[in-house]
Amino acid sequence: MTSGRNMTATSAVAYAARLAQVDVVAAYPITPQTRIIEAISKFVADGEMKAQFVQVESEHSALAATIAASSNGVRAFTATSSQGLLYMHEMMHWAASARVPIVMANVNRAVAPPWNIYGDHQDAISQRDTGWLQLFAETNQHALDMTLQAFRVAEDPRVQLPVMVNLDGFTLSHTYEQVVVPEADVVGRFLPPRPPVDWLDVGHPRTINGVVSPEHYIQFRALQKDAARRALAVIAEVGDEFAKQFGRDSGGLLSLEQVEDAEVIFVVLGSAASTIRSMVRAWRALGRRVGVVSVRSYRPFPDVELAEAVAGARAVVVWDRAYSFGCGGPLAAEVRSALYGRNVAPVVLGAVGGFGGAPIGPAELEKALEWADAAMLGRPVPLETWFGVKAYRDGRVPDGN
Amino acid sequence: MATRETPFVMPGNSSCAGCGAVLIARLVTEAIGPNQIMVIPACCMGAVATSFPKATFNVPVLRTAFASTASFLTGLEASAKAKGQDVTLVGFAGDGATVDIGLAALSGAIERGHSFVYVCYDNEGYMNTGFQRSGSTPRGAQTSTTPGGVLSRYKTEVRKDIAKIVAAHGIPYLATASPAYPADLRRKVERAVAVKGPAFLHIMSPCPLGWGFPSAQSVQLARTAVESGLWKLYELDHGVLRLSLAPKKRKAVREFFAPQSRFAHLTNDVYEGLQAEVDGEWATIEKEGFSLRCETARA
């Protein structure tokens, strides 16, 4: 076993930015992202990293500055969280549509009000349709490894899209784990410098991001759609190459554990997958056939691969740490959609919870398995359950509980 | 590629006849030369000069969102430093993009000291969206969102003085300019390029459609604004404030306001009051010298 250093996921991301030899970092501080930019600014101050670090006056400007830098051909990085990500929203669309290969770490945190600094995925999921690719880290090691892989994917000529690496606030950002920091020369072979671009060449002036007519507008969107779809193969390929070179499986589209013969399969994003993995091992020891799918690439969404992975189960529990109000859990909806049209498909149960740092622990998972068992026996069960919600003050019980 | 002999602003853009902003853009880009990258946000120039498949500017243009001119300049400067690239970075933005939605980004970029030339061409409102009020619209102006009616009386608030706001940052170089004084404007642009750190140019940009005057009179109206003492030409160079021009015999302020339909409702009383204000300011300037306490371009 390779020995690592004890560090948080935010430190791991800062090491990744250093190893990726990013040229420009523009960012604005927000809990729980701050450790990333503190560590980077210290690397720069100590001469260990050559980047231009600019602490700007808002997240809107942080992403705007990153986009401009990337448009001028350099490797650019930023990091944010929650309200900061929401404040970037206009420039989120801009970055993807301008096809700049930025990488951003998003330390997942709940969205206000009421104010809450702890983890859930509402921030990331609310940016789902901006055109960014979104990867989800399960461990601190993933946070480092995925950031390196993200640059490879973003800058691939087949893709040319920005990539967001999600890491759960506090669960990963403020928790120490052993992280292997690879050697710079090895990383240099995996991630060579960004290929040059000449968008802003004064010798050959162009006007970038101008006004277009309706007939041209859809052409741009179609190119973007194709690139995002092509990213599925690129993410898988880069993940395989990383595994070969570094001996760790920390990328790709999906991570499957014990799904082949499973009756019940859990599907989840981010660090909760680790908890579910340990529960699966415990259930297996009791003879239960349970498996788990950790969705590492949320965008592009590996619908075919995911449907293949879960189609043989009798019940699938999709755990959403975000919600589309008036509709349901976003990931659950997408899993159902991926299974559409199959002759035989498992029942898909939408588990909702783990908001604002609330636990997805053994108690919640045991309850979810009982629910899946009831569904398999054909008992009438709700298709969605919110976990951790108490009765309201007037004694009413929330719908779906 | 543009040279001093070939056009920096090429024919075929869709600006209105008599557009002050396109004239300013020509003067500014020519003064800077070919080694520049322009950032243009949502504003008239973004709308009229960047329509695919035409390109108006013969220099690289990076369009950005409304609030992001100065943050794009920030990112470009950082990338130019990283690459060891020597290029003049120019922000070319309207008053809405500067004094309203883009003010925080502008303030941040100036405070951080990045090297760029930020040009605010001020047509005193949101002109390409149909003449709505901005923070730079002068008091008394009729706009499509200060239309005047039984219960309201046009714009009642005094405009923000963006040059003074910028000056409060301790910016290395700041100047006001007018397209009616091209030699003065050109000299100020060249100084702005030469200065290390941020430079800001506030340029009056007459808008025939929005202000309501005949399109042939743009330059004349800009000249009258200066000659009447309403639009003061000055520069602030590393803390040294200089008035660029003191009109010997000032024209009546009425000559600036009267040709514009947005001020058609102004009465003799108002004109007399405005004239007294401007006369008072210039009396103070003559007595105590020019300072940034003086108001600019009142209505």
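**View 1. Helix H12 of chain A and its buried residues.** In this predicted model, helix H12 of chain A, residues 330–339, has A:Pro330, A:Leu331, A:Ala332, A:Glu334, A:Val335 and A:Ala338 buried, where a residue is buried if 20 or more other C-beta atoms, placed from the backbone, lie within 10 Å of its own. Helices here are DSSP runs of H or I with at least four residues, and strands are runs of E with at least two, both numbered from the N terminus. The buried residues of H12(A) pack against helix H6 (122–125), helix H11 (303–310), strand S11 (264–268), strand S14 (315–320) and strand S15 (347–352) of chain A. After H12(A) comes A:Gly341, which has a positive phi, near 95°.

**View 2. Helices H1 and H7 of chain A.** The axes of H1 (residues 9–19) and H7 (residues 140–155) of chain A come within 8 Å and cross at roughly 25°; axes are lines fitted to C-alpha atoms, for helices over the stretch in contact, and angles run from 0 to 180 degrees between N-to-C directions. H1(A) and H7(A) are therefore roughly parallel to each other, a term used for angles under 35 degrees. On the H1(A) side the contact is made by A:Ala9, A:Ala12, A:Val13, A:Tyr15, A:Ala16, A:Ala17 and A:Leu19, and on the H7(A) side by A:Asn140, A:Ala143, A:Leu144, A:Thr147 and A:Leu148, contact meaning that the C-beta atoms of two residues, placed from the backbone, lie within 7 Å. By class, this contact has 10 nonpolar, two polar and no charged residues, with Ala, Val, Leu, Ile, Met, Phe, Trp, Tyr, Cys and Pro counted as nonpolar, Asp, Glu, Lys and Arg as charged, and the others, Gly among them, as polar.

**View 3. The side of chain A that touches chain B.** Here 35 residues of chain A are in contact with 37 residues of chain B. Two or more residues on the chain A side come from each of strand S2 (24–27), strand S3 (52–55), helix H3 (59–71), helix H5 (89–97) and strand S9 (207–208). H3(A) gives the largest share, nine residues. Sorted by class, this side of chain A has 18 nonpolar, 12 polar and five charged residues.

**Notes to the views.** Residues are numbered from 1 along each chain as its sequence is written, while chains are lettered from A and ligands numbered from 1 in the order in which they are written. As the model is predicted, local features need pLDDT of at least 70 and side-chain atom pairs count only at pLDDT 80 or more, whereas totals for chains, interfaces and linings use all residues.

Methods
Angles under 35 degrees count as roughly parallel, over 145 as roughly antiparallel, 65 to 115 as roughly perpendicular and the rest as oblique. A residue is buried if 20 or more other C-beta atoms lie within 10 Å of its own, exposed if 12 or fewer, and partly exposed in between; C-beta atoms are placed from the backbone.
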